[in-house]
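Q: I would like to learn how to read a protein model. Where do we begin?

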Amino acid sequence: MNPGFSSIGKNSKDLPISWLMEKALANPAMVSLAAGFTDNDTLPVDLTRSAISDIFGDPEEAKRSLQYGTTRGHQKLRNLILKNLVENDSALDSLDRNSIVISHGSQEFLYQFCELMLDPGDIVVVEDPTYFVMLGLFYSLGVEVIGVPLNNDGVDIERLKDLLHGLSKEGKIQRLKFFYGVTYFQNPTGISSASRNKLEVLELLKKHESQAGHQLYYLEDAAYLNLSFDQDVEKTALTFHEHRDRVVFTSTFSKPYSTGLRVGYGILPRQLVDPLLFIKTNHDFGTSNFLQFILAEVISSGKFDSHLEIIQKRYAYKCDLLDSSLKSHFPAWAEWGKPIGGLYIWVTLPDSFDTSLNTSFFDLALQNEVLYVPGSLCFAKSSLAGEGGRHYKATMRLTFGGASEQAITLGAERLGRVLEAMNG
(Lines give C-alpha, C1' and ligand atoms only; values in the text may rest on other atoms or scores of the structure.)
Protein backbone atom coordinates (compact mmCIF):
# COMPACT_ATOMS: atom_id res chain seq x y z
CA MET A 1 0.00 0.00 0.00
CA ASN A 2 1.12 3.58 -0.68
CA PRO A 3 2.88 4.79 2.49
CA GLY A 4 1.53 8.30 1.97
CA PHE A 5 4.84 10.16 2.22
CA SER A 6 5.05 13.94 2.07
CA SER A 7 6.84 15.55 -0.87
CA ILE A 8 9.99 15.77 1.30
CA GLY A 9 9.67 12.10 2.20
CA LYS A 10 9.34 11.20 -1.47
CA ASN A 11 12.23 13.38 -2.60
CA SER A 12 14.70 12.49 0.17
CA LYS A 13 17.30 9.96 -0.95
CA ASP A 14 20.09 8.14 0.81
CA LEU A 15 23.30 10.08 0.34
CA PRO A 16 26.10 8.27 -1.52
CA ILE A 17 28.52 9.18 1.28
CA SER A 18 26.57 6.88 3.62
CA TRP A 19 27.11 3.99 1.23
CA LEU A 20 30.79 4.88 0.83
CA MET A 21 31.25 4.91 4.61
CA GLU A 22 29.52 1.52 4.93
CA LYS A 23 31.82 0.09 2.24
CA ALA A 24 34.88 1.24 4.15
CA LEU A 25 33.62 -0.15 7.47
CA ALA A 26 32.59 -3.48 5.96
CA ASN A 27 36.04 -4.18 4.51
CA PRO A 28 39.02 -3.49 6.82
CA ALA A 29 41.37 -3.75 3.83
CA MET A 30 39.55 -0.94 2.02
CA VAL A 31 41.38 2.39 1.99
CA SER A 32 38.97 5.31 2.13
CA LEU A 33 39.95 8.71 0.82
CA ALA A 34 36.24 9.49 0.60
CA ALA A 35 34.44 10.33 3.86
CA GLY A 36 35.44 13.65 5.42
CA PHE A 37 36.27 12.24 8.84
CA THR A 38 38.58 14.20 11.12
CA ASP A 39 41.95 12.97 12.34
CA ASN A 40 41.44 10.25 14.95
CA ASP A 41 44.81 10.63 16.68
CA THR A 42 44.24 14.29 17.58
CA LEU A 43 40.70 13.96 18.96
CA PRO A 44 40.68 15.93 22.26
CA VAL A 45 40.08 13.09 24.72
CA ASP A 46 42.07 14.51 27.64
CA LEU A 47 40.86 18.04 26.98
CA THR A 48 37.22 16.94 27.03
CA ARG A 49 37.71 14.83 30.15
CA SER A 50 39.29 17.80 31.91
CA ALA A 51 36.45 20.13 30.89
CA ILE A 52 33.80 17.74 32.18
CA SER A 53 35.73 17.34 35.42
CA ASP A 54 35.87 21.12 35.88
CA ILE A 55 32.13 21.46 35.21
CA PHE A 56 31.30 18.69 37.66
CA GLY A 57 33.65 20.18 40.26
CA ASP A 58 30.94 22.77 40.85
CA PRO A 59 27.66 20.98 41.78
CA GLU A 60 25.47 23.91 40.72
CA GLU A 61 27.28 24.29 37.39
CA ALA A 62 26.95 20.53 36.84
CA LYS A 63 23.20 20.70 37.42
CA ARG A 64 22.83 23.60 35.00
CA SER A 65 24.75 21.66 32.34
CA LEU A 66 22.42 18.66 32.74
CA GLN A 67 19.22 20.71 32.55
CA TYR A 68 17.40 22.07 29.51
CA GLY A 69 18.95 25.20 28.05
CA THR A 70 17.47 27.92 25.87
CA THR A 71 16.53 27.41 22.23
CA ARG A 72 18.94 30.19 21.22
CA GLY A 73 21.84 28.52 23.01
CA HIS A 74 24.12 28.81 26.04
CA GLN A 75 24.87 32.50 26.64
CA LYS A 76 28.48 31.92 27.69
CA LEU A 77 29.20 29.95 24.51
CA ARG A 78 27.58 32.61 22.33
CA ASN A 79 29.65 35.29 24.07
CA LEU A 80 32.83 33.30 23.44
CA ILE A 81 31.97 32.78 19.77
CA LEU A 82 31.42 36.52 19.36
CA LYS A 83 34.62 37.35 21.23
CA ASN A 84 36.63 35.02 18.98
CA LEU A 85 35.14 36.48 15.80
CA VAL A 86 35.86 40.04 16.91
CA GLU A 87 39.44 39.18 17.89
CA ASN A 88 40.00 37.95 14.34
CA ASP A 89 38.16 40.84 12.67
CA SER A 90 37.45 44.06 14.59
CA ALA A 91 34.83 45.01 11.97
CA LEU A 92 32.55 42.44 13.63
CA ASP A 93 32.47 44.26 16.98
CA SER A 94 28.95 45.52 16.25
CA LEU A 95 27.53 42.00 16.01
CA ASP A 96 24.92 41.14 18.60
CA ARG A 97 25.29 37.87 20.52
CA ASN A 98 21.51 37.48 20.20
CA SER A 99 21.96 37.06 16.44
CA ILE A 100 23.89 33.84 17.18
CA VAL A 101 21.95 30.56 17.36
CA ILE A 102 23.66 27.38 18.57
CA SER A 103 22.86 24.25 16.56
CA HIS A 104 23.64 20.52 16.48
CA GLY A 105 26.48 21.01 14.00
CA SER A 106 26.22 23.48 11.15
CA GLN A 107 24.20 20.92 9.16
CA GLU A 108 21.19 21.31 11.44
CA PHE A 109 21.35 25.09 11.09
CA LEU A 110 21.56 24.79 7.31
CA TYR A 111 18.52 22.53 7.25
CA GLN A 112 16.48 24.80 9.50
CA PHE A 113 17.40 27.88 7.47
CA CYS A 114 16.28 26.08 4.30
CA GLU A 115 13.05 25.06 6.01
CA LEU A 116 12.51 28.70 6.91
CA MET A 117 13.19 30.09 3.44
CA LEU A 118 12.39 27.55 0.73
CA ASP A 119 9.20 26.35 -0.94
CA PRO A 120 9.01 23.81 -3.79
CA GLY A 121 9.86 25.56 -7.04
CA ASP A 122 12.11 28.16 -5.42
CA ILE A 123 15.61 28.72 -6.79
CA VAL A 124 18.98 28.64 -5.06
CA VAL A 125 22.30 29.45 -6.69
CA VAL A 126 25.37 27.44 -5.67
CA GLU A 127 29.02 27.16 -6.53
CA ASP A 128 29.86 24.50 -9.11
CA PRO A 129 31.06 22.22 -7.59
CA THR A 130 29.61 22.46 -4.08
CA TYR A 131 29.01 20.51 -0.86
CA PHE A 132 26.97 17.60 -2.17
CA VAL A 133 25.02 17.04 1.06
CA MET A 134 23.43 20.43 0.48
CA LEU A 135 22.48 19.44 -3.04
CA GLY A 136 20.61 16.47 -1.59
CA LEU A 137 18.84 18.76 0.88
CA PHE A 138 17.83 21.24 -1.82
CA TYR A 139 16.44 18.52 -4.07
CA SER A 140 14.51 16.94 -1.19
CA LEU A 141 12.76 20.30 -0.75
CA GLY A 142 11.81 20.43 -4.43
CA VAL A 143 14.10 23.37 -5.14
CA GLU A 144 15.68 24.28 -8.48
CA VAL A 145 19.46 24.43 -8.09
CA ILE A 146 21.58 26.45 -10.50
CA GLY A 147 25.37 26.13 -10.37
CA VAL A 148 27.88 28.86 -11.22
CA PRO A 149 31.52 27.81 -11.87
CA LEU A 150 34.27 28.54 -9.37
CA ASN A 151 37.45 30.46 -10.06
CA ASN A 152 40.51 30.38 -7.83
CA ASP A 153 39.19 33.30 -5.75
CA GLY A 154 35.54 32.26 -5.52
CA VAL A 155 32.46 32.09 -7.70
CA ASP A 156 32.77 33.41 -11.26
CA ILE A 157 31.30 36.91 -10.88
CA GLU A 158 30.67 37.46 -14.59
CA ARG A 159 28.80 34.17 -14.88
CA LEU A 160 26.79 34.99 -11.76
CA LYS A 161 25.97 38.43 -13.19
CA ASP A 162 24.75 36.83 -16.44
CA LEU A 163 22.67 34.30 -14.51
CA LEU A 164 20.91 36.89 -12.36
CA HIS A 165 20.26 39.05 -15.41
CA GLY A 166 18.78 36.02 -17.18
CA LEU A 167 16.52 35.16 -14.24
CA SER A 168 15.27 38.74 -14.19
CA LYS A 169 14.63 38.77 -17.94
CA GLU A 170 12.74 35.45 -17.74
CA GLY A 171 10.61 36.62 -14.82
CA LYS A 172 12.06 33.95 -12.50
CA ILE A 173 14.02 36.19 -10.15
CA GLN A 174 11.06 36.21 -7.74
CA ARG A 175 11.72 32.53 -7.01
CA LEU A 176 15.38 33.10 -6.15
CA LYS A 177 16.00 33.00 -2.40
CA PHE A 178 19.75 32.90 -1.79
CA PHE A 179 23.27 32.19 -2.96
CA TYR A 180 25.04 29.37 -1.09
CA GLY A 181 28.83 29.29 -0.83
CA VAL A 182 31.37 27.24 1.13
CA THR A 183 33.85 30.03 1.48
CA TYR A 184 36.86 28.62 3.37
CA PHE A 185 38.92 25.70 1.96
CA GLN A 186 35.82 24.63 0.13
CA ASN A 187 34.33 21.17 0.25
CA PRO A 188 35.11 19.73 -2.30
CA THR A 189 37.78 21.85 -4.09
CA GLY A 190 39.78 23.41 -1.24
CA ILE A 191 39.31 26.89 -2.78
CA SER A 192 38.72 29.89 -0.49
CA SER A 193 36.60 32.85 -1.58
CA ALA A 194 38.35 36.21 -1.49
CA SER A 195 36.73 38.98 0.54
CA ARG A 196 36.38 41.05 -2.62
CA ASN A 197 34.55 38.17 -4.29
CA LYS A 198 32.08 38.00 -1.38
CA LEU A 199 31.44 41.74 -1.63
CA GLU A 200 30.77 41.48 -5.36
CA VAL A 201 28.25 38.68 -4.76
CA LEU A 202 26.48 40.80 -2.14
CA GLU A 203 26.36 43.80 -4.45
CA LEU A 204 24.81 41.69 -7.22
CA LEU A 205 22.19 40.30 -4.85
CA LYS A 206 21.31 43.79 -3.65
CA LYS A 207 20.98 45.00 -7.24
CA HIS A 208 18.30 42.41 -7.99
CA GLU A 209 16.30 42.60 -4.76
CA SER A 210 13.76 45.14 -6.04
CA GLN A 211 12.92 42.84 -8.96
CA ALA A 212 12.80 39.79 -6.67
CA GLY A 213 10.43 41.58 -4.32
CA HIS A 214 12.24 40.26 -1.24
CA GLN A 215 15.64 40.09 0.40
CA LEU A 216 18.21 37.95 -1.40
CA TYR A 217 20.61 36.31 1.04
CA TYR A 218 24.22 35.17 0.94
CA LEU A 219 24.40 31.90 2.90
CA GLU A 220 28.07 31.66 3.90
CA ASP A 221 29.05 28.16 5.03
CA ALA A 222 32.33 28.54 6.95
CA ALA A 223 32.58 25.00 8.29
CA TYR A 224 36.34 24.86 7.65
CA LEU A 225 37.16 28.38 8.87
CA ASN A 226 39.43 27.12 11.68
CA LEU A 227 41.33 24.61 9.55
CA SER A 228 43.79 27.01 7.95
CA PHE A 229 47.44 25.99 7.55
CA ASP A 230 48.28 29.70 7.55
CA GLN A 231 46.96 32.19 10.11
CA ASP A 232 45.94 34.71 7.44
CA VAL A 233 42.38 34.03 6.26
CA GLU A 234 39.93 36.06 4.21
CA LYS A 235 37.29 38.20 5.91
CA THR A 236 33.76 36.84 6.19
CA ALA A 237 30.82 38.36 4.35
CA LEU A 238 29.70 39.70 7.76
CA THR A 239 32.55 42.23 7.53
CA PHE A 240 30.55 44.40 5.13
CA HIS A 241 28.25 46.38 7.43
CA GLU A 242 26.12 47.77 4.62
CA HIS A 243 25.20 44.21 3.55
CA ARG A 244 24.88 42.53 6.95
CA ASP A 245 21.09 42.31 6.67
CA ARG A 246 21.50 39.91 3.75
CA VAL A 247 24.29 37.69 5.20
CA VAL A 248 23.55 34.37 6.91
CA PHE A 249 26.74 32.88 8.33
CA THR A 250 27.31 29.40 9.78
CA SER A 251 30.27 27.51 11.18
CA THR A 252 30.90 24.52 13.41
CA PHE A 253 33.04 23.03 16.17
CA SER A 254 32.62 19.55 14.66
CA LYS A 255 35.61 19.88 12.34
CA PRO A 256 38.07 21.84 14.55
CA TYR A 257 37.19 20.10 17.84
CA SER A 258 35.13 16.92 17.67
CA THR A 259 32.64 15.51 15.19
CA GLY A 260 31.16 13.50 18.07
CA LEU A 261 30.10 16.66 19.93
CA ARG A 262 28.09 18.01 16.97
CA VAL A 263 27.88 21.66 17.97
CA GLY A 264 27.74 24.47 15.43
CA TYR A 265 26.19 27.89 15.14
CA GLY A 266 24.58 30.35 12.80
CA ILE A 267 24.55 34.16 12.70
CA LEU A 268 21.46 35.72 11.19
CA PRO A 269 20.09 39.14 10.30
CA ARG A 270 17.80 40.40 13.07
CA GLN A 271 14.60 39.83 11.04
CA LEU A 272 15.37 36.10 10.69
CA VAL A 273 16.39 35.19 14.24
CA ASP A 274 12.99 34.71 15.88
CA PRO A 275 11.42 32.90 12.89
CA LEU A 276 14.34 30.45 12.82
CA LEU A 277 14.07 29.94 16.59
CA PHE A 278 10.38 29.06 16.15
CA ILE A 279 11.42 26.32 13.72
CA LYS A 280 14.26 25.14 15.95
CA THR A 281 11.82 24.86 18.86
CA ASN A 282 9.74 22.49 16.76
CA HIS A 283 12.86 20.41 16.11
CA ASP A 284 14.59 20.07 19.46
CA PHE A 285 13.87 22.89 21.99
CA GLY A 286 17.56 23.73 21.75
CA THR A 287 20.95 22.13 21.21
CA SER A 288 22.30 19.75 23.87
CA ASN A 289 23.04 21.95 26.87
CA PHE A 290 25.71 19.59 28.21
CA LEU A 291 27.71 19.69 24.97
CA GLN A 292 27.52 23.48 24.93
CA PHE A 293 28.83 23.65 28.50
CA ILE A 294 31.78 21.43 27.55
CA LEU A 295 32.76 23.63 24.62
CA ALA A 296 32.32 26.82 26.63
CA GLU A 297 34.62 25.40 29.31
CA VAL A 298 37.25 24.35 26.76
CA ILE A 299 37.22 27.70 24.95
CA SER A 300 37.23 29.85 28.10
CA SER A 301 40.21 27.88 29.46
CA GLY A 302 42.29 28.94 26.46
CA LYS A 303 42.97 25.31 25.57
CA PHE A 304 40.84 25.39 22.43
CA ASP A 305 43.39 27.65 20.72
CA SER A 306 46.20 25.25 21.66
CA HIS A 307 44.20 22.37 20.22
CA LEU A 308 43.68 24.31 16.98
CA GLU A 309 47.42 24.74 16.58
CA ILE A 310 47.90 20.98 16.93
CA ILE A 311 45.29 19.99 14.36
CA GLN A 312 46.27 22.71 11.89
CA LYS A 313 49.84 21.40 11.88
CA ARG A 314 48.58 17.83 11.65
CA TYR A 315 46.35 18.55 8.65
CA ALA A 316 49.06 20.58 6.94
CA TYR A 317 51.38 17.56 7.27
CA LYS A 318 48.75 15.13 5.98
CA CYS A 319 47.94 17.43 3.08
CA ASP A 320 51.63 17.51 2.15
CA LEU A 321 51.72 13.72 2.38
CA LEU A 322 48.73 13.24 0.07
CA ASP A 323 50.06 15.81 -2.37
CA SER A 324 53.50 14.15 -2.54
CA SER A 325 51.90 10.69 -2.79
CA LEU A 326 49.78 11.81 -5.74
CA LYS A 327 52.89 13.23 -7.42
CA SER A 328 54.61 9.86 -6.94
CA HIS A 329 51.77 7.64 -8.17
CA PHE A 330 49.49 9.66 -10.46
CA PRO A 331 50.18 10.18 -14.17
CA ALA A 332 51.40 13.60 -15.27
CA TRP A 333 48.08 14.35 -17.00
CA ALA A 334 46.14 14.27 -13.71
CA GLU A 335 45.76 17.76 -12.24
CA TRP A 336 45.07 19.06 -8.75
CA GLY A 337 45.72 22.09 -6.59
CA LYS A 338 47.28 21.95 -3.16
CA PRO A 339 44.99 23.69 -0.63
CA ILE A 340 46.17 25.85 2.26
CA GLY A 341 43.55 24.55 4.66
CA GLY A 342 40.62 22.21 5.06
CA LEU A 343 40.49 18.47 4.43
CA TYR A 344 40.29 17.94 0.67
CA ILE A 345 42.20 17.76 -2.60
CA TRP A 346 40.25 18.03 -5.86
CA VAL A 347 41.57 16.05 -8.82
CA THR A 348 40.71 16.75 -12.46
CA LEU A 349 41.31 14.13 -15.17
CA PRO A 350 41.06 14.28 -18.97
CA ASP A 351 37.48 14.47 -20.24
CA SER A 352 37.67 10.89 -21.53
CA PHE A 353 37.39 9.68 -17.91
CA ASP A 354 34.15 9.24 -16.00
CA THR A 355 34.66 8.66 -12.27
CA SER A 356 30.94 8.56 -11.41
CA LEU A 357 29.31 5.83 -9.35
CA ASN A 358 28.46 2.63 -11.26
CA THR A 359 31.12 3.20 -13.92
CA SER A 360 33.99 0.94 -14.91
CA PHE A 361 36.39 3.41 -13.28
CA PHE A 362 34.60 3.27 -9.94
CA ASP A 363 34.24 -0.52 -10.13
CA LEU A 364 37.97 -0.91 -10.77
CA ALA A 365 38.73 1.32 -7.77
CA LEU A 366 36.57 -0.96 -5.61
CA GLN A 367 38.46 -3.98 -6.93
CA ASN A 368 41.69 -2.24 -5.92
CA GLU A 369 40.18 -1.55 -2.48
CA VAL A 370 40.24 2.23 -2.56
CA LEU A 371 37.38 4.72 -2.22
CA TYR A 372 37.02 8.33 -3.36
CA VAL A 373 34.10 10.74 -3.82
CA PRO A 374 33.10 11.00 -7.48
CA GLY A 375 33.20 14.65 -8.46
CA SER A 376 29.91 14.39 -10.34
CA LEU A 377 28.10 14.17 -6.98
CA CYS A 378 29.16 17.76 -6.27
CA PHE A 379 27.59 19.45 -9.32
CA ALA A 380 24.04 20.65 -9.85
CA LYS A 381 21.96 18.32 -12.02
CA SER A 382 21.49 21.03 -14.63
CA SER A 383 25.26 21.47 -14.87
CA LEU A 384 25.87 17.76 -15.41
CA ALA A 385 23.25 17.74 -18.16
CA GLY A 386 24.82 20.75 -19.88
CA GLU A 387 27.81 21.25 -22.13
CA GLY A 388 30.32 20.89 -19.29
CA GLY A 389 28.83 17.67 -17.96
CA ARG A 390 31.52 15.44 -19.47
CA HIS A 391 34.28 17.55 -17.95
CA TYR A 392 32.59 17.63 -14.53
CA LYS A 393 32.38 13.82 -14.45
CA ALA A 394 36.17 13.55 -14.87
CA THR A 395 36.82 14.71 -11.31
CA MET A 396 37.15 13.28 -7.80
CA ARG A 397 37.44 14.50 -4.25
CA LEU A 398 40.11 12.99 -2.02
CA THR A 399 40.38 13.61 1.70
CA PHE A 400 43.41 13.42 3.96
CA GLY A 401 41.40 14.17 7.12
CA GLY A 402 40.57 10.83 8.69
CA ALA A 403 42.96 8.55 6.80
CA SER A 404 46.12 7.33 8.50
CA GLU A 405 49.49 8.17 6.99
CA GLN A 406 49.81 4.63 5.67
CA ALA A 407 46.31 4.78 4.17
CA ILE A 408 47.06 8.08 2.43
CA THR A 409 50.13 6.73 0.64
CA LEU A 410 48.52 3.35 -0.09
CA GLY A 411 45.32 4.96 -1.37
CA ALA A 412 47.24 7.20 -3.76
CA GLU A 413 49.20 4.19 -5.03
CA ARG A 414 46.03 2.16 -5.63
CA LEU A 415 44.25 5.01 -7.39
CA GLY A 416 47.35 5.54 -9.52
CA ARG A 417 47.11 1.94 -10.69
CA VAL A 418 43.43 2.49 -11.58
CA LEU A 419 44.27 5.60 -13.60
CA GLU A 420 47.01 3.84 -15.54
CA ALA A 421 44.78 0.82 -16.21
CA MET A 422 41.85 2.95 -17.41
CA ASN A 423 44.11 5.06 -19.60
CA GLY A 424 45.37 1.94 -21.33
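A: Begin with a term: a contact means heavy atoms within 4.5 Å. Two more are needed: buried means under 20% relative accessible area, exposed over 50%, and partly exposed in between (1.4 Å probe, protein chains only); helices (H or I, at least four residues) and strands (E, at least two) are DSSP runs, numbered from the N terminus. With these, the case is helix α16, whose buried residues are covered by elements including β1 (31-32), α12, α13, β12 and β14 (395-399). This is a predicted model, in which local features need pLDDT of at least 70 and side-chain atom pairs count only at pLDDT 80 or more, while totals for chains, interfaces and linings use all residues. Residues are numbered from 1 along each chain as its sequence is written, and side-chain values use heavy atoms, with hydrogens and water left out.

Q: Which residues of α16 are buried?

A: They are A407, I408, G411, A412, R414, L415, G416, V418 and L419.

Q: How is the span of a helix checked?

A: The expected span is 1.5 Å times one less than the number of residues. Helix α16 (residues 405-423) has 19 residues and should therefore span 27 Å; its end C-alpha atoms are 27 Å apart, which agrees. Helix α6 (residues 105-117), with 13 residues, should span 18 Å, and 19 Å between its end C-alpha atoms agrees with that. Among the buried residues of α6 are F109, L110 and F113.

Q: What does the side chain of T48 reach?

A: A polar contact is a pair of N or O atoms within 3.5 Å; within protein, one must be able to donate a hydrogen and the other to accept it, and residues adjacent in sequence count only if both atoms are side-chain atoms. The side chain of T48 reaches the backbone oxygen of P44 at 2.7 Å. T48 has a relative accessible area of 15%, so it counts as buried. Leaving aside neighbours within four places in sequence, T48 is in contact with Y257 and I294.

Q: How many aromatic pairs does the structure hold?

A: Rings of Phe, Tyr and Trp (its six-membered ring) pair if their centres lie within 6.5 Å; planes under 30 degrees apart count as stacked, over 60 as edge-to-face and the rest as tilted. The structure holds 21 such pairs. One of them joins F138 and Y180: it is edge-to-face, 6.1 Å centre to centre, with 80° between the planes. F138 lies in helix α7 (residues 132-140) and Y180 in strand β6 (residues 176-182), so this pair ties together parts that are 42 residues apart in sequence. F138 is buried at 0% relative accessibility, and Y180 is buried with a relative accessible area of 0%.

Q: How are the rings of F362 and Y372 arranged?

A: Their centres are 5.4 Å apart and their planes stand at 70°, so the pair is edge-to-face. F362 lies in helix α13 (residues 360-367) and Y372 in the loop between β12 (370-371) and β13 (373-374), so the pair ties together parts that are 10 residues apart in sequence. Both F362 and Y372 are buried.

Q: Which residues do ring pairs link into a cluster?

A: The cluster holds F113, F138, F178, Y180 and Y217.

Q: What can be read from the loops?

A: Backbone angles and contacts. The peptide bond from D128 to P129 is cis, with omega near 5°, and P129 is in the loop between β3 and α7. T130 also lies in the loop between β3 (123-128) and α7; at 1% relative accessibility, T130 is buried. Apart from neighbours within four places in sequence, the contacts of T130 include L135, Y180 and C378.
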